[in-house]
Amino acid sequence: MTTFDKREEGFENKFAHDQDQEFKAIARRNKLLGLWAAGLMGLESADDYAKAVVKADFEQPGEEDVLRKIMTDLTGSGLSTSEGEVRRKMDELMAVAREQIKGE
């Protein structure tokens, strides 16, 4: 194996690792977001709701499906949380999730 091949393999391994870490961070963010929303709605089964939010992310590529679920559920609970507030919370929790994943 040449130095170039070793280097290429190293980049491929790093890319795969980074993608795995990002996937885990997104799932963790969604769980944290679900727990936050469950708290706002006063749900007793916060963990079950958080799992449902994580599951919602597999409906479509991107985070719009998660945002839609949270907004629909918050509105359905009579809360007037804005989309901007939920997006800000998603960003905030993404940073928290990345730190948590990095620390593992």
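Visitor: Which residues of helix α2 (residues 46-56) are buried?
Guide: Let's start with two terms. Helices (H or I, at least four residues), like strands (E, at least two), are DSSP runs numbered from the N terminus. Buried means under 20% relative accessible area, exposed means over 50%, and partly exposed is in between, using a 1.4 Å probe and protein chains only. By that rule, the buried residues in α2 are Tyr49, Ala50, Val53, Val54 and Ala56.

Visitor: What kind of model is this?
Guide: Residues are numbered from 1 along each chain as its sequence is written, and side-chain values use heavy atoms, leaving out hydrogens and water. Local features need pLDDT of at least 70, side-chain atom pairs count only at pLDDT 80 or more, and totals for chains, interfaces and linings use all residues, for this is a predicted model.

Visitor: Within what arc do the buried residues of α2 fall?
Guide: Those residues in α2 are Tyr49, Ala50, Val53, Val54 and Ala56. To find the arc, take the directions from the helix axis to the C-beta atoms. The buried residues line one face of α2, because seen down its axis they fall within an arc of 160 degrees.

Visitor: Which residues on the other side of α2 are exposed?
Guide: The buried residues of α2 have covers that include α1 (3-41) and α3 (64-76). On the other side of α2, the exposed residues are Lys51 and Lys55.

Visitor: Is asparagine 30 buried or exposed?
Guide: Asparagine 30 belongs to helix α1. Its relative accessibility is 0%, so asparagine 30 counts as buried.

Visitor: Which residues does asparagine 30 touch, not counting residues up to four places away in sequence?
Guide: Contact means heavy atoms within 4.5 Å. With residues up to four places away in sequence not counted, asparagine 30 touches Ala50, Val53, Val54, Asp57 and Val66.

Visitor: With the side chain of which residue does the side chain of asparagine 30 make a polar contact?
Guide: A polar contact is a pair of N or O atoms within 3.5 Å; within protein, one must be able to donate a hydrogen and the other to accept it, and residues adjacent in sequence count only if both atoms are side-chain atoms. At 3.2 Å, the side chain of asparagine 30 makes such a contact with the side chain of aspartate 57.

Visitor: Is α1 roughly parallel or roughly antiparallel to α3?
Guide: Axes are lines fitted to C-alpha atoms, for helices over the stretch in contact, and angles run from 0 to 180 degrees between N-to-C directions. Angles under 35 degrees count as roughly parallel, over 145 as roughly antiparallel, 65 to 115 as roughly perpendicular and the rest as oblique. The axes of α1 and α3 come within 10 Å and cross at roughly 10 degrees. That makes α1, relative to α3, roughly parallel.

Visitor: Which residues of α3 make the contact with α1?
Guide: From α1, the contact uses Asn30, Leu33, Ala37, Leu40 and Met41. From α3, the residues are Val66, Ile70, Asp73 and Leu74.

Visitor: What makes α2 oblique to α3?
Guide: The axes of these helices come within 8 Å. Their angle makes α2 oblique to α3. The axes of α2 and α3 cross at roughly 140 degrees.

Visitor: Is aspartate 65 buried or exposed?
Guide: Aspartate 65 is in helix α3. With a relative accessible area of 2%, aspartate 65 is buried.

Visitor: How many Å from a polar atom of the side chain of aspartate 65 does the backbone nitrogen of glutamine 60 lie?
Guide: Leaving aside neighbours within four places in sequence, aspartate 65 is in contact with residues including Phe58, Glu59 and Gln60. From a polar atom of the side chain of aspartate 65, the backbone nitrogen of glutamine 60 lies 2.9 Å.

Visitor: With which residues is lysine 89 in contact, leaving aside its neighbours within four places in sequence?
Guide: Lysine 89 sits in helix α4 (residues 83-103). At 18% relative accessibility, lysine 89 counts as buried. Leaving aside its neighbours within four places in sequence, lysine 89 is in contact with Leu33 and Trp36.
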